[in-house]
Amino acid sequence: MKASTFIIIVLIFLAAFTFFSEDVSSFVGKFEATGDFTYTYLEGDTPITQVTFNIDPELAENIEIDTVPSGWSYAMEDSTLVLSGGSLAPGSMVNIGYHLKRYMEPRDIPISAVGVTTDGKGVPASGTVIVTETIILKIIYIFIIYKIPILIGITLLGTGVFIAEKLKPQPKPVPTGIPVDIPKDKPPIDTPETGVPTEIISACGCGYEWIHRFMQINVYPSSSAGGVYTVRRLPDDPMPLKALAIDMHGLIHKCTCKTKEGEQIGREIYDFKAKVRYEWRIVSGEGGFIKINDEEPKKTDKGEQVIYQPPDILNENEVKKVTIIVTAYHDDPTKHPDHAPITATISMEITREIKEKGPGSENNLEVVDPGDIEDRYVYKITVHRDEPMGRITPSEGICECVQEHSWEMGTPIQGDLVYVPDEVAYGDYVRLEATGSDIDRLKLFCVPTGENCIEPASVSLDVMDNLVFEWEASAGRFPRGNIGREVVWQAPDIEGPVGIKLIIKDEGGQFKDQWIVFEKQIFVRKLGIDLVKTPKAWLPVATAGTLSLKARIYMCKDGKWIYPGRKKYIRFRLKKVSKEPGVCLNYPRNGNRNPDLFFYEEKIKDNYISKLDKTKSNDCPTEILQPNDNPRHEHHYLGTVLKRRATEGNPVIRCEDYGAIGYLVAEANHCIPIPPRDDENTVHKDCKTKTNMVKIPRDDNDNDIADIAPQDDRGAAPNKDEDNQPVGDGYKGDGLTNYEEYRGFIVGGYRTFNVPFLPFPIKIGARRRHIRTDVKKKDVFIYDENNIGTGYLNKSGLTIHLIYDPDLFNGTGSRVINFNRQRHTGGEQHGLWLRDRDMPGLYGMSCGVNNGPPKNKTHVCINVKLCKGRDEPRERLPNTIAHELAHGLNVWHHGEGGNHNCGGRTHNSQGKLTSGVENCIMRYDKYAAGWCHGDPHHRHSYTNAGGDLVDITGTVFCTSANATGRNNRGAGHINNAERGNCMGQFRVKDW
C-alpha cells in the first residue's frame with residue numbers, strides 16, 4: 001500500500017470518527033463510564049411504589065439509562081428521574097444503571113431521592129455520584145468540541161496529500177497482497193543508459209522492536225486534583241477500593257530497503273495495552289483486607305479491586321489514620337521490556353459520626369419514639385499518584401517497503417473462576433476472582449511498492465491479548481464497577497440464589513476469539529437479630545434498678561436461625577417509655593417527667609455510645625429509701641450503639657420508677673428482626689421473622705403490669721378498682737386502681753423537729769420503704785404526725801399504712817396519697833391526718849364537713865394526755881384513736897343525741913350514743929352512775945371490784961345494731977342502736 005493511500009485512509013477514518021464522535025462517545029461510555037443510582041429503603045412499614053431522583057443538571061444531560069429493575073419503568077425530564085410501576089419492600093433497594101454519553105470532569109456530585117409509599121408518605125434519602133477520570137472519553141470529547149476545526153484540517157491535509165500524489169512520478173506497479181508472490185525467474189532489468197542487464201538491488205527487510213510508551217495509575221474512590229474526597233458509609237460495610245493502571249507498550253514494525261543511496265527504513269508503531277498485576281499494602285494504620293465480610297483481615301492483598309475492612313472506632317472524636325500503597329507491575333512477558341512499577345498512595349482519615357435522626361414523638365404519658373440513630377463512618381480520602389512514566393516514541397517513517405500485519409489465533413481464550421463463594425449473607429461484600437489468558441499470533445509483513453526492493457519479508461510473534469472480564473449478577477450490585485479480573489460485589493438483602501455470570505472476551509484489535517462464559521449461583525442467606533424477653537421475675541425498681549436484655553445476630557441455615565451471624569454495630573432503642581411524675585404514687589412531690597427507663601450510661605460507657613437524650617430535668621432524687629440509692633445522673637438516653645462490631649450485645653437499662661413501662665428494640669444493618677426468645681436457653685426452631693420488640697417488664701397480657709406481680713390480677717384491666725376486703729358498706733375499691741397499687745407507695749419516713757435546749761433534732765417515724773398494695777384488700781394511708789399509732793383501727797379489717805412525712809401525701813393541705821398518678825388512674829385518693837392535740841374536755845375530734853370517706857376529713861385530733869389520764873381505762877387511747885379515724889372512713893355513732901346525766905330522773909330516747917353492742921368502739925361509754933333509757937326510768941349500776949361505777953370501753957367494731965350486755969336486760973330494757981353494724985359502714989374510696 002502506498003504511503004499516500006494509507007494517509008488518506010487514516011484521514012478518512014479520522015473524519016468519520018470526528019463526524020460521528022457524539023455517537024462514538026456514547027458507545028464508549030457504556031464500557032468506560034458506567035454507574036448506578038441506588039435507593040435503599042432502610043426502614044418503614046408500607047411498600048414504596050415511586051422513587052424520584054433529583055440529579056445535577058449537567059449530570060442529567062450527560063447520562064443515558066441502561067437498566068432498571070424488573071417491573072419498574074422510568075421517565076427522565078430535565079434533571080428529574082422518576083422510577084415507577086414496581087414495588088419496593090422495606091429493607092430492599094433498587095439500582096438504575098447508566099453510562100456517561102460525554103466526558104465529565106472527575107468530581108463528587110450530590111444527589112437526592114424521595115420514595116413515595118402506598119399511603120403517600122415520603123421517604124427521603126441522599127448520596128453522592130462519583131465521576132471518575134475517563135481517558136478515552138476525554139480524548140473523544142476533544143474531537144467533539146473541536147469537530148469543525150478538525151474536519152477542516154483533515155480536508156485540507158487530505159487535499160494536499162492527493163495533489164502531491166498526483167504530481168509525484170508513478171513507480172512501476174508491483175503486485176500487492178499478503179503475502180506478495182514475486183516470480184523467482186523474473187528477468188533482469190535493463191538500465192536505460194546502457195541497456196546492460198543489472199541484478200535485483202535488494203529484498204525488503206522485516207523486523208520489530210518493543211518499547212515502553214507510558215504507564216499511569218488511578219484509584220477509586222479518588223480525590224481530584226490533589227483534593228480530599230469525603231464519603232459516608234455504613235460503619236459495618238467495608239470499603240471497596242479499585243486501582244486501574246494503563247501500561248502502554250509500543251511495537252515498532254520496521255521495514256528496510258537497501259538502495260544505491262543507502263538503507264531506507266520505514267517504521268509503523270502499534271500500541272498495545274499490557275497486562276498489569278496489582279499489589280496492595282497497608283503501610284500504616286489499622287484495618288486490613290478481606291475477601292468476604294467477617295474474614296480475618298490481612299495487611300496485604302492482590303488484585304484490581306480489594307475490600308478494606310476498617311478498624312472499630314470507639315468514640316466520635318477518634319480519628320483513625322490509614323495509609324495504603326497500591327503498586328502496579330508490568331505483568332506481560334509477551335510485551336517487552338519489563339520496567340519499574342508505578343504506585344499510588346491512598347491516605348484516609350476515618351472518623352465515626354453518630355447523628356440523632358428525626359425528632360421522634362411523645363405525649364403526656366410516654367416517649368412514643370425517641371427518634372433514630374444514624375451511624376456512619378466518614379472517610380476523608382487523599383490520593384497521591386506517581387507521575388505517568390514513559391519514553392519518547394520514535395517517529396514513524398516511510399520507505400518503499402510498506403508495513404502490513406495480520407492476526408491469527410494462537411490459543412483460544414482460557415480462564416476459570418478462582419473465588420466465588422457458595423453462600424453469603426445479607427449485605428456481604430465479596431471479592432469475586434477469575435483468571436484468564438489468550439495468546440494471539442501476529443504476522444508482520446514488509447511489502448515492496450517501489451523499484452529497488454521487490455522481495456517481500458515477514459516475521460511472526462506471539463502476543464498476549466488484553467482480556468475483558470465482565471461480571472453480571474441477577475441481584476446485588478458492583479460498587480466499583482463490574483469489569484476486572486477481581487471485582488467487588490455486594491449481596492442484596494434478599495434471600496435466595498443469585499446468578500453470577502462471567503464473560504471473558506478479548507478487548508478487540510487482535511484476533512477475535514470466541515468468548516467464554518462461566519456461570520455459578522451464590523445463595524444469599526438471611527441475617528436476623530433477636531432479643532431475649534424480660535425475665536419473668538423482674539419488677540421495676542426505682543432505686544437504680546437494672547435490666548440487661550441480650551440481642552444476637554443469626555444467619556438462616558437449613559431452615560433455622562443459627563448463631564452467630566455477621567458482626568455488626570448493634571443499635572438499641574427504647575420506645576413507648578413511660579414518663580410518670582415521680583418514682584411512685586407518692587414520692588417525690590413535684591416529680592419530674594423524665595423517662596422511667598433509660599440506658600445506664602455510667603455502666604455501659606466503655607462499650608456503647610449513647611444518644612437520644614430525653615432529659616426534662618436534672619432534679620432526680622438521689623435518695624428514695626436511703627442515701628444515694630439512686631445515684632445522680634445527667635442524661636436519660638433512649639438510644640445506644642455498640643462501639644465494636646459484634647454478634648451480640650446486652651446494654652444495661654436503668655429503671656427509675658416502680659411502675660416503669662417501655663419497649664426495647666435491637667437493630668443492625670442488613671438484619672431483619674426475629675421474634676424474641678423466651679429466655680437465654682431457648683433455641684429458634686425456624687427462620688420466622690417478626691418484630692423483636694420486647695416489653696419491659698414481662699407483660700404478655702399487655703395491661704402494663706408485670707405478669708409476675710399479684711396486681712396483674714390474671715390480666716385484669718389496669719384501671720380496675722374492686723378491692724372488697726372488708727366488704728364495708730358494699731362500695732368496692734379503695735380509690736387505687738390495679739396499676740396504682742402495682743406502682744406502689746413509699747411509707748414510713750421520718751419527721752424531724754427541733755426541741756429547745758436539746759443539741760440534736762428529734763426524729764419521729766420509721767425508715768422509708770416501698771410497698772405494692774393488695775388489689776383485693778382495701779388500703780388506708782394515715783399520716784401519724786406524733787407517732788401515736790392507730791389504736792384498734794386494725795379491728796376494721798382494713799390494711800393500714802403509716803407515713804410520718806407529710807410530703808408523702810402531698811402535704812397536710814392536700815392529703816392526696818396518689819398525687820403522682822397519671823396513667824390508668826380513677827381519681828384522687830386521700831389519706832387521713834392523725835394528730836395529738838390538747839382539747840380540754842375532749843378525748844378526740846374528727847374534723848371535716850362530714851364523715852368519711854377520707855377526702856371529707858381535714859384531720860383527726862386525739863387528746864393523748866387526757867386519754868392516758870389516771871382514771872381512764874387502758875383501752876381509752878386505742879379506742880379513741882380508732883373511733884375518730886373510723887369517722888374519717890364513713891363510720892357513724894350508734895345514734896346521735898341523748899343526755900347521760902343519770903343523777904336524776906332524765907328522759908332519754910333509745911338508740912342513741914350509748915346504744916347497741918356494748919363493746920363496740922363507736923359506742924359512747926362514759927356516764928356518771930349507771931345507764932338511762934326510756935320510761936320507766938331504770939338505773940343499772942355496775943361496779944368494779946373496788947366499788948367504782950364503770951362501763952365497758954369498746955375494742956371491736958360491731959356487725960349488728962342489736963344491743964348486747966347492759967343494753968339488753970330483757971323485756972323493756974333493750975337498747976338497740978339506731979345505726980349499728982359499724983363494720984358495714986366503712987368506705988375508703990374517694991371517687
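Trainee: How many helices and strands does the chain have?

Mentor: There are 9 helices and 57 strands in this predicted model.

Trainee: And is the chain spread out or compact?

Mentor: Spread out. Its radius of gyration is 49 Å, well over the 30 Å that the globule rule gives for 991 residues, so the chain is more spread out than a compact globule.

Trainee: What box do the C-alpha atoms fill?

Mentor: Taken along the principal axes, roughly 190 × 60 × 50 Å.

Trainee: What share of the residues counts as buried?

Mentor: Of the 991 residues, 51% are in the buried class. As for the surface, the chain exposes about 44,600 Å², and carbon and sulfur atoms supply 51% of that area.

Trainee: What about contacts, how much comes from residues 24 or more positions apart?

Mentor: Such pairs account for 73% of the contacts with a separation of 6 or more.

Trainee: Let's go to a helix. How far does α9 reach?

Mentor: Helix α9 covers residues 876-887, 12 residues in total. From first C-alpha to last it reaches 17 Å, close to the 16 Å expected at 1.5 Å a residue.

Trainee: Is α9 covered or exposed?

Mentor: Mostly covered: 12 of its 12 residues are buried. That set includes charged residues such as Arg-876 and Glu-884, along with Leu-877, Ile-881 and Leu-885.

Trainee: Which elements do those buried residues pack against?

Mentor: Four strands and a helix are on the list: β53 (779-784), β55 (832-836), β56 (844-848), β57 (857-862) and α8 (864-867).

Trainee: Different topic. Where is Thr-134?

Mentor: Thr-134 sits in the loop between β8 (122-131) and α4 (135-145).

Trainee: Why does Thr-134 count as buried?

Mentor: Because its relative accessible area is 1%, and the buried class is anything under 20%.

Trainee: And which residues does Thr-134 touch?

Mentor: Leaving aside residues up to four places away in sequence, Thr-134 touches Glu-32, Ala-33 and Tyr-103.

Trainee: What is omega for the bond from Gln-725 to Pro-726?

Mentor: Near -5 degrees, and that bond is cis too. Pro-726 is in the loop between β50 (694-696) and α7 (738-743).

Trainee: Why single those out?

Mentor: Most peptide bonds are trans.

Trainee: What is phi of Arg-815, then?

Mentor: Near 65 degrees, a positive value in a residue other than glycine. Arg-815 is placed in the loop between β54 (799-803) and β55.

Trainee: Is Arg-815 buried or exposed?

Mentor: Buried, because its relative accessibility is 7%.

Trainee: And Asn-981, what is its phi?

Mentor: Asn-981 has a phi near 45 degrees, again positive in a residue other than glycine. Asn-981 lies in the segment after α9.

Technical notes
Residues numbered from 1 in each chain as written. Predicted model: local features only at pLDDT ≥ 70, side-chain atom pairs only at ≥ 80, totals over all residues. Heavy atoms only, no water. Helix = DSSP H or I, 4+ residues; strand = E, 2+ residues; numbered from the N terminus. Buried < 20%, exposed > 50% of the residue type's maximum accessible area, 1.4 Å probe, protein only. Contact = heavy atoms within 4.5 Å. Expected span 1.5 Å × (residues − 1). Rg over C-alpha atoms; globule rule 2.2 N^0.38 Å. Areas by Shrake-Rupley, 256 points an atom, 1.4 Å probe, with all protein chains shown as cover.
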